Amino acid sequence: MPEPIRVEVVYPLPQEQEIFSIQMPAGATVRQAVEACGVLQKYPEIDLANNKLGVFAKLVKPDAPLRDRDRVEIYRPLIADPKEVRKQRAADGKAMKKGAAEL
């Protein structure tokens, strides 16, 4: 019988990270680890249909198999589109440069 694997499930919050260390049977999936660790009970806002999942910062499907010492990450939805934020920041920078040159 294969040895159980050890995995961490991480849910990053704005002020802290919740880390759940669990043992799973060999061949367990990302979804099974998330469901088994208790994070869904502690944070009911997590919706596996909407929240993306990753292993060591690489996006994976919920049915991806886990290996010993994997770190499963649950990503929160983005509040703002990073491309739009960059465009706005660039536009603000141009406006400041124009204003500064006129002084």
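Start by colouring the strands: five of them make an open sheet in the order E2-E1-E5-E3-E4, with mixed pairing. Strands here are DSSP runs of at least two residues and helices (H or I) runs of at least four, numbered from the N terminus; two strands pair if DSSP finds at least two bridges between them. At the edges you will find E2 and strand E4 (58-60), each with a single partner strand, so one side of each has no neighbour in the sheet. From one strand to the next the twist averages 30 degrees, using axes fitted to C-alpha atoms (for helices, over the stretch in contact) and angles from 0 to 180 degrees between N-to-C directions.

Before moving on, note that this is a predicted model: local features need pLDDT of at least 70, side-chain atom pairs count only at pLDDT 80 or more, and totals for chains, interfaces and linings use all residues. Residues are numbered from 1 along each chain as its sequence is written, and side-chain values use heavy atoms, with hydrogens and water left out.

Next, select E1 and strand E5 (residues 71-75): they run parallel, joined by three bridges. Glu8 stands opposite Arg71 in E5.

Now show Tyr11 and Tyr43, a tilted aromatic pair, 5.2 Å centre to centre with 50 degrees between the planes. (Rings of Phe, Tyr and Trp, the last by its six-membered ring, pair if their centres lie within 6.5 Å; planes under 30 degrees apart are stacked, over 60 edge-to-face, the rest tilted.) Tyr11 is buried, at 3% relative accessible area, and Tyr43 is buried at 12%; buried means under 20%, exposed over 50%, partly exposed in between (1.4 Å probe, protein chains only).
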